Amino acid sequence: MKLETSKGYKQVIKWLKSNRKKPFKFQTDAWQYYAEGYSGLVNAPTGFGKTFSIFLAAVIDELNTRAGLEKRQAKKKAMVKRTSGLKLMWITPLRSLAKDLARAMREVCMELELDWHIGVRNGDTPQNEKLKQKKAMPEVLIITPESIHLLLAQKNTHSYFDQLQCIVADEWHELLGSKRGVMTELGISRIKGLLKERHPERLLRIWGISATIGNMEQAMEVLVPYPDVPKTIVKADLEKKIDIRSILPDHIDLLPWAGHLGHKLAEKLLPVIYKSKTTLIFTNTRGQAELWYQTLLALDENLAGLLAIHHGSIDYELRNWIEDALHSGSLKAVISTSSLDLGVDFKPVDTVVQIGSPKGVARFLQRAGRSGHSPYETSTIYFLPTHALELVEAAAIKEAAKTQDIESREPVVMAFDTLIQYLVTLAVGDGFDEARLFFEVKETYAFSELLPQEWSWIMQFITTGGDSLTAYNEFSKVSLVDGLWKVESRQTAMRHRLHIGTIVSDPMLKVKFITGGYIGMIEESFIARMKPGSSFTLAGRVLEFIMVKEMTVVVRKSKVKRAITPSWMGGRISLTANLGAILRKKYNETLYKTHQDIELDFIFPLFQKQEKVSHVPRDDEFLIELIATKDGHHLFAYPFEGRQVHEIMAALIAYRLGKTTPISFSIAMNDYGFELLSEQPIPLEENDIKNLFSPKNLAEDIVASINATEMARRKFRDIACISGLVFQGFPGKYIANKHLQSSAALFFNVFSDYDHHNLLLRQAYDEAFYQQIEEPRLAAALQRIQNSKLIVTKPESYTPLCFPIKVDSLRDSMSSEELSQRIQRMTTETEKKNKKRHEH
């Protein structure tokens with residue numbers, strides 16, 4: 001049918017006109033495809049109304065259905081009953097996104113006089129609200145992947161989805177590259193299967209929404225892998241204007257070569273905050289956010305009450321208050337981590353600041369889109385470098401943004417731990433038919449390669465514990481009851497429901513004032529190092545640690561002005577391959593002035609310095625610096641492939657060097673390169689360097705050079721928790737991290753010794769190799785080095801390029817005060833040596 005002639009379409013267009021709005025072509029295209037029963041993926045820049053491309057499609061569909069019912073009623077002159085229940089399920093990766101979406105959707109329904117209820121179901125939803133939903137599902141349910149699986153673990157699940165017309169995965173790129181994406185795939189496949197059983201005539205629509213992603217076709221294939229479903233990509237032919245500005249110091253020497261968090265430029269940030277309505281300041285880590293909050297308040301006391309801090313470890317009520325204050329425009333600035341990265345539409349926000357490199361183009365563009373959120377407004381984002389070389393990253397990001405060179409997200413496949421958890425989830429709920437479910441699971445992208453013998457192993461594992469755990473009753477979780485596989489033990493079911501999900505982190509403890517009132521969450525491993533009376537910062541407050549009582553950290557306000565900042569897990573993001581490639585290109589442009597970037601002009605003196613004392617590598621060159629200092633003999637290499645690749649590459653080169661001469665190294669790395677440091681001279685012939693960096697025998701040498709078993713063992717802890725091998729404890733009585741680790745290690749050893757074909761063991765090695773070691777990217781980097789011209793220099797002291805790597809190696813062993821003194825000393829010594837050299 002031609003949608004434009006329908007009653008629902010006309011009603012929506014009329015409502016838009018009354019608000020002086022007009023739909024974009026990509027939105028009307030999406031509405032038409034939706035009306036024709038298509039599934040697919042909508043891709044449009046931030047701020048152009050991607051949400052409405054599908055939400056209004058569902059609304060139009062509902063309005064048309066109602067118009068049809070009214071016609072039938074008029075003909076029959078009798079009531080035709082309209083069905084209520086869940087029509088639209090909206091999956092979102094972030095809790096902060098849910099609240100914002102619900103608010104926008106309620107407004108639309110109210111103005112269109114549509115009596116839909118909009119519900120939210122996630123970890124923040126109160127229990128009484130969840131009970132209400134179970135009795136009568138809202139027409140629209142905004143939900144996280146974990147909460148879908150919790151629904152599937154209930155009895156009579158099918159009744160929840162009886163009226164379901166469409167499932168939407170919002171910010172799909174954010175879920176795609178993780179096990180939460182696999183949970184989403186499995187959840188959708190089950191709901192689709194349930195509907196097929198009960199309503200074979202109904203076609204369930206599945207739509208994804210994504211702003212920034214490189215592998216669009218694959219992203220759609222992962223979300224909608226079903227051959228019987230018509231699908232399409234709706235791409236907006238629109239460009240979001242982004243104004244990227246760098247905050248520069250008055251002089252290059254004021255910007256340190258390394259080792260600082262950008263605080264030297266904090267003064268320059270104040271005018272930006274004051275001239276904007278509201279500013280969102282993004283940092284890469286929670287610890288950095290806490291430090292910046294303290295720095296800005298110390299600089300300007302007038303910001304008290306106008307400055308807030310937002311990250312995942314801050315208490316839910318406080319986060320809520322901050323989000324409301326952002327909407328009302330009562331805050332001048334909010335310092336945030338990725339907790340406010342995605343689609344949240346805060347109208348007053350007109351400026352975004354990124355502190356330090358975001359390490360990826362997609363992440364930067366996503367954050368830029370938080371400002372100037374409506375169409376045709378320009379998104380303004382300031383880049384505040386934490387050290388001099390990050391200015392090159394700023395120039396690289398500008399270029400990537402211009403050419404839309406955006407990273408791909410690799411989908412996770414064959415995550416057996418997630419599949420095992422899912423099967424037990426279904427067995428806790430209504431149970432499952434094995435043959436039917438195997439077909440369903442095989443249809444998903446994540447498990448399309450699943451073999452019948454692997455499925456048999458998984459079934460044996462959840463029913464008996466597999467070959468090595470048969471003797472222990474607690475691993476016989478699932479049994480056959482009336483032709484369906486079910487969990488009969490109430491205790492097993494309760495324990496399983498408590499830990500549905502794939503985000504396994506260090507157990508988090510609640511932080512609470514002794515006088516009452518929660519502040520947020522902190523990781524157990526951080527608090528384990530604290531002594532009573534010592535202070536730390538959280539949610540922008542300086543707190544004095546009193547004790548841990550019943551898994552709660554009890555604190556009082558501290559009298560000290562400064563304190564240590566918690567470092568949460570996952571603190572360091574690695575440079576993406578895309579950005580690494582553009583960065584190498586920018587290094588040439590800086591020295592040869594073949595560019596239009598003010599950042600590169602600004603950093604030019606530093607590059608002249610680097611060229612004088614060593615060399616600036618072109619993008620077809622590979623630079624190695626050999627330096628002898630009183631610390632020992634250093635080898636610095638610069639592949640520009642990101643911290644993670646460099647960590648493995650450094651271990652690999654150290655191993656290969658040690659094969660010819662017994663020599664031990666300490667290793668340091670950053671996103672630009674790595675350092676090998678030895679007490680004795682490094683036996684390195686220029687002719688051998690290419691062999692050292694060869695991709696030949698890579699897999700064998702990696703296994704020999706790093707403790708692959710130890711890496712797999714570390715990965716196995718999470719796998720053991722997700723698959724339910726290890727119970728993580730009850731709320732408020734979580735099992736200590738070290739006990740989890742030792743329980744997981746015990747299983748790892750048992751499987752290694754007695755169960756070589758264990759799929760969870762295989763998964764641990766696969767994850768270590770492909771996610772942590774990034775073996776394919778490492779091989780590509782070594783191949784590129786083979787085709788590059790080798791440059792070896794022997795500077796007399798640290799160079800501007802190697803200095804940040806050196807500083808990074810000191811960071812973990814020193815307090816921030818000692819570190820800044822040491823950096824100062826190293827800088828002075830380096831300058832002195834260089835000066836002497838030029839005088840000679």
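This talk goes through the sheets, the nonpolar cores and the salt bridges of the structure shown above.

First, some housekeeping. What you see is a predicted model, where local features need pLDDT of at least 70 and side-chain atom pairs count only at pLDDT 80 or more, while totals for chains, interfaces and linings use all residues. Residues are numbered from 1 along each chain as its sequence is written, and side-chain values use heavy atoms, with hydrogens and water left out.

I will start with the sheets. When I name helices (H or I, at least four residues) and strands (E, at least two), I mean DSSP runs, numbered from the N terminus. Two strands count as paired if DSSP finds at least two bridges between them. In general, strands of a sheet pair through backbone hydrogen bonds, either parallel or antiparallel.

For angles, axes are lines fitted to C-alpha atoms, for helices over the stretch in contact, and angles run from 0 to 180 degrees between N-to-C directions. Within this sheet, β5 (residues 166-169) and β6 (residues 205-210) run parallel and are joined by four bridges. A169 has G208 in β6 as its bridge partner. Contact here means heavy atoms within 4.5 Å.

Another open sheet has six strands, also with parallel pairing, in the order β8-β13-β12-β9-β11-β10. Here β8 (242-246) and β10 (307-310) stand at the edges with a single partner strand each, so one side of each has no neighbour in the sheet. The twist in this sheet averages 20° from one strand to the next. Strand β9 (residues 278-282) runs parallel to β12 (residues 349-355), and five bridges join them. T278 is opposite V349 of β12. Across β8, β9, β12 and β13 (379-384) lies helix α13 (residues 361-368), at about 125° to β13.

Next, the nonpolar cores. A nonpolar core is a set of buried Ala, Val, Leu, Ile, Met, Phe, Trp, Tyr and Cys residues joined through side-chain atoms within 4.5 Å. Buried means under 20% relative accessible area, exposed over 50%, and partly exposed in between, using a 1.4 Å probe and protein chains only.

The largest core has 82 residues, and M89, F161, L423, F716 and L725 have the most contacts inside it. Which helix gives the most to this core? That is α15 (residues 416-428), with nine residues. A separate core has 58 residues, including A325, V349, A368 and I582. Back to M89: leaving aside residues up to four places away in sequence, its contacts include F161, L164, I167 and I191.

I519 is in strand β17 (residues 518-523), and it is buried at 0% relative accessibility. Between I519 and E317 there are 202 residues in sequence but 9.1 Å in space, C-alpha to C-alpha.

Last, the charged pairs. A salt bridge is a side-chain nitrogen of Lys or Arg within 4 Å of a carboxyl oxygen of Asp or Glu. By that rule there are 37 salt bridges.

One of them joins K586 and D597, with the closest N and O atoms 3.0 Å apart. K586 is in helix α21 (residues 577-592) and D597 in the loop between α21 and α22 (598-613), so the pair ties together parts eleven residues apart in sequence. K586 is buried at 3% relative accessibility, and D597 is buried at 12%.

E641 takes part in salt bridges with two arginines. R777 meets E641 with the closest N and O atoms 3.2 Å apart. This pair links R777 in helix α29 (residues 775-786) to E641 in the loop between β22 (632-637) and α23 (643-660), 136 residues apart. R784 meets E641 at 3.4 Å, N to O. R784 also lies in α29, so its bridge to the E641 loop ties together parts 143 residues apart in sequence. R784 is buried, at 19%, and E641 is buried, at 7%.

There is also a network of salt bridges linking K99, D100, R103, E323 and D324.

How many disulfides are there, taking a disulfide as a pair of cysteine sulfur atoms within 2.5 Å? The count is zero. Among the cysteines, C109 is buried at 2% relative accessibility and C721 is buried at 4%.

Technical notes. A disulfide is a pair of cysteine sulfur atoms within 2.5 Å.
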